[in-house]
Amino acid sequence: MVWPETQTHIAFPRLQKLEFHDMPVWKEWLGAREGDFPRLRKLILKHCPKLRALPRLPPSLEELEVEACDELTSLSTFDSNQTQSLKFLKSLRRLSLKNCPKLDLSATEGNPSTCTLQHKSLTEYNI
């Protein structure tokens with residue numbers, strides 16, 4: 001949902017868990033603005049092979065699970081003002097990355113071991 005710029009609506013003010021599965025033609029996550037998911041705690045993306053980038057992730061995010069997203073190269077988001085990386089997600093406690101062959105955490109995210117994670121599962125990505 002895209003709101004006109006003159007309005008200040010929050011798209012999903014109470015959404016806590018968001019999952020996308022088996023979306024073979026999804027390339028871009030469009031329309032999401034900073035603040036649209038203020039209470040999002042868990043984001044799961046599985047089998048979205050053409051997805052190239054993520055939107056700005058909310059600071060409330062506690063769990064991020066990404067699997068079989070073949071074209072995803074980074075978890076960072078970029079806009080004209082700043083870059084967001086994993087180190088800015090202070091609430092993130094669980095990170096699971098599986099079968100994302102183009103994902104490269106070394107360039108923008110830093111070493112995942114420096115994050116304050118309680119659980120991490122990192123398989124088939126580049127460091």
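A residue counts as buried if its relative accessible area is under 20%, as exposed if over 50%, and as partly exposed in between, using a 1.4 Å probe and protein chains only. Keep that scale in mind for what follows.

The model is predicted, so local features need pLDDT of at least 70, side-chain atom pairs count only at pLDDT 80 or more, and totals for chains, interfaces and linings use all residues. Residues are numbered from 1 along each chain as its sequence is written, and side-chain values use heavy atoms, with hydrogens and water left out.

Start with the sheet. Helices (H or I, at least four residues) and strands (E, at least two) are DSSP runs, numbered from the N terminus. Two strands pair if DSSP finds at least two bridges between them. Strands of a sheet pair through backbone hydrogen bonds, either parallel or antiparallel. Here, 5 strands form an open sheet with parallel pairing, in the order β1-β2-β3-β6-β7. At the edges stand β1 (17-21) and β7 (119-123), each pairing on one side only. On average, neighbouring strands are turned by 5° against each other, direction ignored. That angle is taken between axes, which are lines fitted to C-alpha atoms (for helices over the stretch in contact), and angles run from 0 to 180 degrees between N-to-C directions.

Now look at single pairings. β1 and β2 are joined in the parallel sense over 5 bridges. Across this pairing, Leu18 stands opposite Leu43 in β2. Strand β2 (residues 42-46) also pairs with strand β3 (residues 63-67), in the parallel sense and over 5 bridges. There, Lys42 faces Glu63 in β3, and Leu45 stands opposite Val66 in β3.

Some of these residues return in the core. A nonpolar core is a set of buried Ala, Val, Leu, Ile, Met, Phe, Trp, Tyr and Cys residues joined through side-chain atoms within 4.5 Å. The largest one has 26 residues, and those with the most contacts inside it are Leu43, Leu45, Leu64, Val66 and Leu75. Each of β2, β3 and β6 (94-98) supplies at least two residues of this core. What does Val66 touch, not counting residues up to four places away in sequence? Its partners are Leu45, Leu72, Leu75, Ser96, Leu97, Lys98 and Cys100. Contact here means heavy atoms within 4.5 Å.

A disulfide is a covalent bond between the sulfur atoms of two cysteines. The rule applied is a pair of cysteine sulfur atoms within 2.5 Å. How many disulfides does this rule give? The count is 0. The sulfur of Cys48 has its closest cysteine sulfur in Cys69, at 4.7 Å, which is too far for a bond. For Cys100, the closest cysteine sulfur is also in Cys69, at 5.1 Å, again too far. Cys48 is buried because its relative accessibility is 0%. Cys100 is buried too, at 1%.

Finally, the aromatic rings. Rings of Phe, Tyr and Trp (its six-membered ring) pair if their centres lie within 6.5 Å; planes under 30 degrees apart count as stacked, over 60 as edge-to-face and the rest as tilted. The whole structure holds 5 aromatic pairs. Phe12 and Phe37 are stacked, because their ring centres are 5.5 Å apart and their planes lie at 5°. This pair links distant parts of the chain, 25 residues apart: Phe12 lies in the segment before β1, and Phe37 in the loop between β1 and β2. Phe12 is partly exposed at 36% relative accessibility, whereas Phe37 is buried at 11%. Trp26 and Trp29 are tilted, because their planes meet at 50°, with ring centres 5.5 Å apart. Both Trp26 and Trp29 are buried. One aromatic cluster takes in Phe12, Phe20, Trp26, Trp29 and Phe37.
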